[in-house]
Amino acid sequence: MKQKNFKNRNPLFHRITLLVLCTALALCVSCNPSGDKTPSADNTPSTEPQGIAEKSDYLVIPLTSGNTSPISAMSYDLLNTVVTIQLYDTADYDILNECFALIDRYERIFSKTKEGSEVYNINHSTETSFTVSDELRELLALSLSYCALSDGAFDVTVAPLTSLWDFTNLEHKTSAPANEAIRSALALVDYNDIQLNGNTLSLAKPGMQLEFGAIAKGYIADKVKEFLLLKGVRSGIINLGGNVLLVGEKPDGSAFNTGIQKPFEDRDSVLVAITELRDVSMVSSGIYERYFYDEDGKFYHHILDPKTGYPINNNLLQVTIISPTSAMGDALSTSCFALGVEKGMELVHSLPDVYAVFITSDGKLHFSDGYLENLPTRTE
């Protein structure tokens, strides 16, 4: 399929596609809260988040003013993306500020590129055994479970490959890494070479590195939602650069209208589907997010196959996952993209309360079993 040349377009325009109608349409409803909604028991935290960072290197921009709900704010300085949080049943800006501080604290643990973070220090160490924080232990254990579930289509040790390809700096990128360099990096990629015993992390080979780019935003979004529920918030939207996590429903009791954008189109311009959702996560992974063309016009995107070291080529443009938690949606969107339509659908169908939409290169939408029956959806 012939594609336009999008090589110099801002990747943030693509990664925010999941906010779409979820935010715009939600703002059109009545802003008066209709009373507390009862959260899912599984999502109710028992303790407040601890140890929020005192030093902040990020700017939070209020998007609303006054002392009435809804309230919202955004930041361009966290998680290397645009973060937006909207709360519909509170006017307490302190809650919003604490949410952004919580995101900052987790980024200082999980970031691969932020110098001094826990993951950065592990990846730049010559050691192979580490005592990790409780937060990193929890995320790593969760990541390893998805590595096994996907049979390595999702791999938390893929950092040597992602660093080699470096899809974060694309302005002048016109060539793929050398085959020999890819082979060398592949030798360090295998989640089976990680052992996690309590808070002790052991790596089988020096030079192995951790990469949480395909799950950390989802995990952090879930932690923000836990915090909001603890604070009594029952209606809101958490959007971490396209990872959309809904808190309950709209104050009037209706669902959030959440859109899926057409790949390679500017955000909010062309939607392929709009689904009514409550209290769930929607996450997409696609080849339109970060990519480049080499000098011969060959297209390379950022979703790498941990088994070959090269971008996955399976006729897919995008996978969108609806799931109870955002970490699950984050990991599954990458896993299912790597597995392809047939095997990806098998994985989705094996999991309760998970739905998916696969978009193939011919523009067709492939819905998982039960999606259209259980989730009111209109296609464009």
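D166 lies in the loop between α6 (159-165) and α7 (179-186); helices (H or I, at least four residues) and strands (E, at least two) are DSSP runs, numbered from the N terminus. The model is predicted, so that local features need pLDDT of at least 70 and side-chain atom pairs count only at pLDDT 80 or more, while totals for chains, interfaces and linings use all residues. Residues are numbered from 1 along each chain as its sequence is written, and side-chain values use heavy atoms, with hydrogens and water left out.

D166 is not a glycine, yet has a positive phi of about 50°. Most residues other than glycine have a negative phi. With a relative accessible area of 29%, D166 is partly exposed, where buried means under 20% relative accessible area, exposed over 50%, and partly exposed in between (1.4 Å probe, protein chains only). A positive phi, of about 60°, is also found at D353, again not a glycine. D353 belongs to the loop between α9 and β15 (355-360). The relative accessible area of D353 is 56%, and D353 is therefore exposed.

The protein chain contains 10 helices and 17 strands. Of its 380 residues, 53% are buried. The accessible surface of the protein chain amounts to about 16500 Å², and carbon and sulfur atoms account for 47% of that surface; accessible areas come from the Shrake-Rupley method with a 1.4 Å probe, and for residues only the protein chains shown count as cover. Contact means heavy atoms within 4.5 Å. Among contacts in the protein chain between residues at least 6 apart in sequence, those joining residues at least 24 apart make up 65%.

No disulfide is present in the structure, a disulfide being a pair of cysteine sulfur atoms within 2.5 Å. C147 counts as buried because its relative accessibility is 0%. C336 likewise counts as buried, at 0% relative accessibility.

Helix α3 (residues 93-110) packs against helix α8 (residues 216-230) at an angle of about 145°, and the axes are 10 Å apart. Axes are lines fitted to C-alpha atoms, for helices over the stretch in contact, and angles run from 0 to 180 degrees between N-to-C directions. The α3-α8 crossing is right-handed; a crossing is left-handed if the near helix is turned anticlockwise from the far one by less than a right angle, and right-handed if clockwise. On the α3 side the contact is made by I95, E98, C99, L102, I103, Y106, E107 and F110, and on the α8 side by A216, Y219, I220, K223, V224, F227 and L228. By class, this contact of α3 with α8 comprises 12 nonpolar, no polar and three charged residues. In this classification Ala, Val, Leu, Ile, Met, Phe, Trp, Tyr, Cys and Pro are nonpolar, Asp, Glu, Lys and Arg are charged, and the others, Gly among them, are polar.

I85 is part of strand β3 (residues 81-87). I85 counts as buried, since its relative accessibility is 0%. Apart from residues up to four places away in sequence, I85 touches I71, S72, A73, L96, C99, F100, I103, V224 and I237. Of these residues, C99 and I103 of α3 and V224 of α8 also take part in the contact between the two helices. Between I85 and I71, which are 14 residues apart along the chain, the C-alpha separation is 8.4 Å.

S111 occupies the loop between α3 and α4 (118-123). S111 has a relative accessible area of 10% and is therefore buried. Beyond its neighbours within four places in sequence, S111 is in contact with S117, V119 and Y120. S111 and A216, 105 residues apart in sequence, are 8.6 Å apart in space, C-alpha to C-alpha.

Helix α9 (residues 326-349) includes M328. M328 is buried, its relative accessible area being 18%. The contacts of M328, leaving aside neighbours within four places in sequence, are with Y146, S323 and V354. From M328 to S143 the sequence distance is 185 residues, and the C-alpha to C-alpha distance is 9.6 Å. L339 also lies in helix α9. L339 counts as partly exposed, at 25% relative accessibility. With neighbours within four places in sequence left aside, L339 is in contact with S150, A153, G344 and L347. The C-alpha atoms of L339 and S150 are separated by 8.0 Å, and the two residues are 189 residues apart along the chain.
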